[in-house]
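Work through the exercises below with the structure open beside you. Try each task before reading its solution.

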Amino acid sequence: MLATRNGKHDSATVAADALVGLPLIRQWIAYDTTSRESNLALIEWSQRYLESFGALSTLTFDDERRKANLFATLPARDGNTTVDGIVLSGHTDVVPVDGQPWDTPPFEATLKESRLYGRGTADMKSFSAIGLAFVPEFVRRGLARPLHFALSYDEEVGCIGVRRLIADIVAKGWKPAGSIVGEPTGMQLVVAHKGKMSWRCRVRGHEAHSSLTPQGVNAVEIACAIVGYIGRRAGQFREATRHDDAYDVPYSTPHVGIIRGGTALNIVPRDCWFDFEIRHLPFDDPRAFFADVEAFAATLVPPMKAVDPETYIAFDQLSASPGFDTRDDCEIIGIGQSCNGTHDFRKVSFASEAALFHEAAIPSVLCGPGHIEQAHQPNEWVSLEQLARCEAFMRRLADHICVA
Ligand SMILES: [Zn+2]
């Protein structure tokens, strides 16, 4: 039976002592690796652990050297470390627990009635810890191809850390065959997710007494005209013929989230700004959407300048995270399907590091224990049943990539 997205149908029959990964999960949860904190203690522990099994490793640091990514490679039996490997990828950081009502200590894995509670149990320390727990088995059986661990920092604040790790792989000319990113997908295989870009639009108008509106340039009204245009574009995406029904929302979605402007009703407002985004399907170009918004805005400028040449409409890009859509014929999809024992797959709307691996020509899938609904929540949990599925996945992965 497939787990549902909220996990309610997870079976409760898995015994904790049947899980080989539980001790390492407990160890990982005990490190407070909230994104603002250093992750070095966890990284150094993992590096020592992997090196004790013969892994070669590289750390890539942030500018302050307070945080690091670990890229570690268990060599294939023939000594190959650089080509055709499989990457197990996970971020080490977690979101803050500040202000959240927790019933258990968040940085202590607590087992209650077939659920393991703790910050990062779902998002996403369990996957990485289980992968590490299987290292003795991978090594004992002998690897037919390299196995890499990519453990990153600062994913939760914009997939920042992993960019340096990937740049290092690319610079070295290493060519892994694919990566499995263990974000919580309920152990369902995810082969694509949407990308997201966001911008701020700033409108500078011209103040005037509201009894003299023709002498002013109303920044709020100009901004609202652009917001209206974005809304019309959203309708066009919804009506477009090219959808992808594998997503819960099968088209790209522009959206305005914040708007601020004006100071008093009797003043023609001088300033207004708003923030907008597009969550786009991998085949829709967010820059083309943005170019359309800019072009529309440009048509509003000449009458503004006619009143006051100092007026303007400006845009700042706030963020960009790419989407990805791994081609059906990529080996990593086949590996993911056979490790999961099903041909089912999904596409999701949340962003992840998988897109950055994909951009670096490392085909990627997402598959990890737990559910995105429990991520970032107080009393975050993962079911033992999900952990058991993840361990079954690792065992089948060993069947694939090991000699014996
Ligand atoms: Zn995550």
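**Aromatic pairs and a helix**

In this predicted model, the count comes to 13 aromatic pairs.

**Exercise 1.** Classify the aromatic pair formed by Trp-199 and Phe-276, and find which strands hold the two residues.

Solution.
- Step 1: The ring centres of Trp-199 and Phe-276 are 5.2 Å apart, with 25° between the planes.
- Step 2: Planes under 30 degrees apart count as stacked, and the pair of Trp-199 and Phe-276 is stacked.
- Step 3: Trp-199 lies in strand E9 (residues 195-204) and Phe-276 in strand E13 (residues 271-280), so the pair links parts that are 77 residues apart in sequence.
- Step 4: Trp-199 has 2% relative accessibility and counts as buried; Phe-276, at 2%, counts as buried too.

**Exercise 2.** Classify the pair of Phe-276 and Phe-315.

Solution.
- Step 1: The ring centres of Phe-276 and Phe-315 lie 6.3 Å apart and the planes are at 80°, so this pair is edge-to-face.
- Step 2: Phe-276 is in strand E13 and Phe-315 in strand E14 (residues 312-321), so parts 39 residues apart in sequence are tied together.
- Step 3: Buried means under 20%; Phe-315, at 19% relative accessibility, counts as buried.
- Step 4: Trp-199, Phe-276 and Phe-315 are among the members of one aromatic cluster, which also includes Phe-237 and Phe-274.

**Exercise 3.** Compare the span of helix H10 with the expected value.

Solution.
- Step 1: H10 covers residues 384-401, which is 18 residues.
- Step 2: From first C-alpha to last, H10 reaches 26 Å, close to the 26 Å expected at 1.5 Å a residue.
- Step 3: Buried residues in H10 include Leu-384, Phe-393 and Ile-401.

Note on methods: Residues are numbered from 1 along each chain as its sequence is written. This is a predicted model: local features need pLDDT of at least 70, side-chain atom pairs count only at pLDDT 80 or more; totals for chains, interfaces and linings use all residues. Side-chain values use heavy atoms; hydrogens and water are left out. Helices (H or I, at least four residues) and strands (E, at least two) are DSSP runs, numbered from the N terminus. The expected span of a helix is 1.5 Å times one less than its number of residues. Buried means under 20% relative accessible area, exposed over 50%, partly exposed in between (1.4 Å probe, protein chains only). Rings of Phe, Tyr and Trp (its six-membered ring) pair if their centres lie within 6.5 Å; planes under 30 degrees apart count as stacked, over 60 as edge-to-face and the rest as tilted.
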